[in-house]
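Student: Could you take a close look at the salt bridges here and say where the partners sit?

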Amino acid sequence: NPMHRSKLIELLTDYGQRYPDERDTVDRFLAFVRANERCFERDLWAGHVTGSAWLVNGAGSHVLLTHHRKLGRWLQVGGHSDGNPDPLAVAIQEAEEESGLRVTPLGDEIFDIDIHEIPARKDDPAHFHFDVRFTLQAVGDDQFSVGEESFDLAWVPISSLPDYTDEWSVLRMAEKWPAAGTPS
């Protein structure tokens, strides 16, 4: 039943129209989703869809990054779909669980996508994460609490992101962010 994939396919198609220079990644992502009915399950070792968040503070000047326990790098918050076909809902849930913040989406369109290989670990073979990123904003208090998935969390000034990470897909989101316009 491809119904549960149709929303993501629609979102990815729209994203490809907005970012034509990312066409190759969009095509690969769409082909994967169309070919794998179980694309939202974490035990599909061809890869699986994950949801993550470009989570900004109230002012829109800082982004919340996690120092990821398994990967040892500063990355945006996010995680596995675990069967949920709505990556925005996944991004919101993961952001709230990892940070203790209340968050709100700044739109329901995809902000960025990335396909990256996750190295083999313990019983898990190497596999791909098909990551769908959305823009979220902290509501009310910017005071986060560190969840067990992370070594640490930090509000990183978007202007000094390269001091924290050389992860190209994170820096690409920073380039897109001013273009996305800061919410008033």
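Tutor: Arg-73 is partly exposed, at 37% relative accessibility (buried is under 20% relative accessible area, exposed over 50%, partly exposed in between; 1.4 Å probe, protein chains only). This is a predicted model, in which local features need pLDDT of at least 70 and side-chain atom pairs count only at pLDDT 80 or more, while totals for chains, interfaces and linings use all residues. Residues are numbered from 1 along each chain as its sequence is written, and side-chain values use heavy atoms, without hydrogens and water.

Arg-73 forms a salt bridge with Glu-167, with 3.0 Å between the closest N and O atoms (a side-chain nitrogen of Lys or Arg within 4 Å of a carboxyl oxygen of Asp or Glu). Glu-167 is in the loop between strand 7 and helix 4, and Arg-73 in the loop between strand 2 and strand 3, so the pair ties together parts 94 residues apart in sequence (helices are DSSP runs of H or I, at least four residues; strands are runs of E, at least two).

The whole structure has 13 salt bridges. Another joins Lys-176 to Glu-22, at 2.9 Å from N to O. Lys-176 belongs to helix 4 and Glu-22 to the loop between helix 1 and helix 2, so this pair links parts 154 residues apart in sequence. Lys-176 is buried at 7% relative accessibility, and Glu-22 is buried at 11%. Both belong to a network of salt bridges that also includes Asp-112, Asp-114, Asp-131, Arg-133 and Arg-172.

Asp-27 and Arg-23 also form a salt bridge, at 2.9 Å. Both lie in helix 2, four residues apart, about one turn of the helix. Asp-27 is partly exposed at 37%, as is Arg-23 at 35%.
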